[in-house]
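Dear colleague,

Please find below the structure that I am handing over to you.

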Amino acid sequence: MRIFELFLLLSVIGLLIAFFTKYSSIKKGLFYASVLFLILHLVVEGNRWQLYLGYLSFLFGLLFYYQVVARKWVKVTLSSFGILFCGISLVLGIIMPVLSFPEPSGSFSIGLQSIYLEDQTRQEVLTKQDGDYRKLTVHIWYPSDQKITNPKRYMDQGYAEAFVESKNMPSFIATHFDLTEIHTQKSLPITKNNQLPVIVLSHGLLWNCEVYTSIIEEIVSQGYIVVGIDHIYESFLTEYKGKKLQWSQENIDYMNKELDFNLIEKKMDLALHAKDSLLRTTSTYEIIQELPYFKSLDRWSNDISFVIDQLEIINRDPNGFLFKKLDIDRIGLLGHSWGGAAVAQNASENKRIKAVINMDGAQFGRLIDTTLHTPLLVMYADRDYKKFFTPNFYVYEKVAKNDFFEATIASTGHANFGDLSYWTKVNSLTETGSIAPKRMTQVTNELILHFFDKYIKGEHIDMIQSFSKDSYPEVSISQKN
């Protein structure tokens with residue numbers, strides 16, 4: 001918990017207890033201490049919903065102090081509830097703290113600008129408006145030589161609330177996200193260095209790029225430009241030219257519509273447990289072909305190619321802030337979940353990509369019928385893969401034709417590959433594992449940077465030796481090709 005809110009709750013508890021003693025000086029001291037800590041908390045730290053019951057308890061103390069409530073049984077009842085409420089606020093404040101991300105370790109500050117793109121060669125199929133073309137909001141995080149003086153707040157302007165709503169949780173539980181100042185400032189001057197390598201980021205389904213702040217900031221601080229694509233109508237919320245656009249529920253329903261889940265489960269069981277290896281691979285292939293995921297993954301892959309096309313144009317624009325800053329010959333792709341599957345598919349089709357990382361994305365879609373000549377790193381959450389079906393092991397063994405690494409990180413869940421583990425210590429709420437958030441960020445960022453430094457910057461790095469059990473006991477890494 002933050003220091004002033006902790007002192008506030010403790011002083012209120014002390015005040016409510018002191019009303020049942022004879023020491024008026026103690027009551028007075030604790031009352032003024034409570035008032036002081038409340039003011040400091042609200043002014044310096046800002047209020048948050050986890051402390052609402054604590055604020056109510058302060059009002060009980062205020063009533064008692066000015067003798068508004070005289071009857072003893074009322075005081076006993078309200079004091080008891082007040083102490084209980086402070087305890088609840090204390091617990092909520094600890095298990096759902098104000099988010100705090102690690103300081104980036106690189107030599108650069110992080111700037112941010114967002115641009116809006118429209119692909120007039122593609123009709124937007126997720127809306128019913130005639131003449132509506134595919135639109136994208138693209139966020140560009142870039143290295144800067146100037147210090148940050150006005151840091152951006154995390155997931156402000158209602159984004160946090162929309163995110164938790166997309167996970168079927170009440171929006172109020174994320175209202176404290178924007179109390180966090182991150183290590184990014186909008187419109188900082190870009191570094192004077194020319195020809196910076198580029199990482200294109202594709203988020204998970206019903207996520208958006210900002211939910212990977214702890215990863216983005218570290219990558220950019222090391223001298224990369226990160227270009228994050230918000231895939232409109234399939235992210236939880238995207239702002240496009242002042243208009244906020246939420247996900248298309250109709251599209252989500254389509255991807256689950258009229259599926260024979262009993263048949264799918266039977267084929268998954270065969271893919272996992274059939275003694276005949278041909279039956280296992282056949283079942284996996286049939287699952288991929290039957291699931292209605294091709295349209296969405298094709299759309300995302302096309303989004304990525306379109307954005308890279310636009311980056312080439314932007315790089316040649318003498319009036320743009322990225323003029324000659326992008327090294328178009330050194331582009332990597334990074335994706336999580338649905339975005340992880342999309343970037344791997346795009347790398348199989350796009351010869352401009354030098355390296356690709358899939359963070360725990362199930363590789364559905366048409367990649368199975370192609371070949372992948374781009375170096376690939378796949379990161380996995382900690383699961384029992386003898387019981388948990390994923391097409392990845394079959395797909396990548398078949399299509400990966402270049403250097404291919406797999407890394408599993410112990411004590412992790414699917415949502416650890418982002419910022420959600422910083423939100424709460426109740427892992428079941430966020431699909432995260434028990435690994436400490438900052439350690440997970442460190443391990444993830446080290447894997448990402450070692451891989452991209454090797455295949456994009458051309459540094460001599462031994463991926464297997466770099467992640468030895470002595471230094472990274474959480475990581476199990478192997479090279480397949």
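**Overall features**

The protein exposes about 21,500 Å², and carbon and sulfur atoms supply 54% of that area. Please bear in mind that this is a predicted model. Along its principal axes, the C-alpha trace spans about 80 × 60 × 60 Å. The secondary structure comes to 15 helices and twelve strands. Of the 481 residues in the protein, 55% are buried. Among the contacts with a separation of 6 or more, 74% are between residues 24 or more positions apart.

Ten strands form an open sheet with mixed pairing, and their order is 3-1-2-5-4-8-9-10-11-12. Its edges are strand 3 (185–186) and strand 12 (475–479), each of which pairs on one side only.

Strand 1 (residues 109–123) and strand 2 (residues 133–144) run antiparallel and are joined by twelve bridges. Within this pair, Ile115 stands opposite Val138 of strand 2.

Two helices that pack on the sheet may be described next. Helix 10 touches strand 1, strand 2, strand 4 (196–202), strand 5 (225–230), strand 8 (326–336) and strand 9 (353–359). The direction of helix 10 makes about 115° with that of strand 1. Helix 14 (residues 437–455) also packs on the sheet, where it touches strand 4, strand 8, strand 9, strand 10 (376–380), strand 11 (404–409) and strand 12. Between the directions of helix 14 and strand 9 the angle is about 160°.

Strand 11 deserves a separate paragraph. Five of its six residues are buried, so that strand 11 is mostly covered. With strand 10 it pairs in the parallel sense over five bridges, and Leu377 stands opposite Phe405 of strand 11. The chain passes from strand 10 through helix 12 (residues 392–399) to strand 11, in a β-α-β crossover that is right-handed. With strand 12, strand 11 pairs in the antiparallel sense, again over five bridges; here Thr408 stands opposite Ser476 of strand 12.

**The nonpolar cores**

The largest nonpolar core holds 125 residues, and the members that touch the most others are Leu334, Tyr396, Leu447 and Phe452. Helix 10 (residues 294–315) contributes the largest share of this core, with nine residues. Apart from this core lies another, of 17 residues, which include Ile13, Phe60, Phe64 and Phe85.

Which residues does Phe452 touch, not counting those up to four places away in sequence? They are Ile199, Tyr224, Gly332, Leu333, Leu334, Ala355, Val356, Ile357 and Lys457.

**Individual residues**

Asn445 has its place in helix 14. Is Asn445 buried or exposed? Its relative accessible area is 5%, and Asn445 is therefore buried, the limit being under 20%. Not counting residues up to four places away in sequence, Asn445 touches Ser214, Ile215 and Glu218.

Thr149 is placed in the loop between strand 2 and helix 5 (159–166). Because its relative accessible area is 68%, and exposed means over 50%, Thr149 counts as exposed. Between the C-alpha atoms of Thr149 and His183 the distance is 9.9 Å, while in sequence these two residues are 34 residues apart.

Ser337 and Glu431 both have a positive phi although neither is a glycine. For Ser337 the value is near 60°, and for Glu431 it is about 60°. Ser337 is found in the loop between strand 8 and helix 11 (338–349), whereas Glu431 is found in the loop between helix 13 (427–430) and helix 14. What is the relative accessibility of each? Ser337 has 18% and counts as buried, while Glu431 has 58% and counts as exposed.

Yours sincerely

Notes
Residues numbered from 1 in each chain as written. Predicted model: local features only at pLDDT ≥ 70, side-chain atom pairs only at ≥ 80, totals over all residues. Heavy atoms only, no water. Core = buried A, V, L, I, M, F, W, Y, C linked by side-chain atoms within 4.5 Å. Buried < 20%, exposed > 50% of the residue type's maximum accessible area, 1.4 Å probe, protein only. Helix = DSSP H or I, 4+ residues; strand = E, 2+ residues; numbered from the N terminus. Contact = heavy atoms within 4.5 Å. Pairing = 2+ DSSP bridges. Axes fitted to C-alpha atoms, helices over the stretch in contact; angles between N-to-C directions. Right-handed = clockwise from strand over helix to strand, strands pointing away. Areas by Shrake-Rupley, 256 points an atom, 1.4 Å probe, with all protein chains shown as cover.
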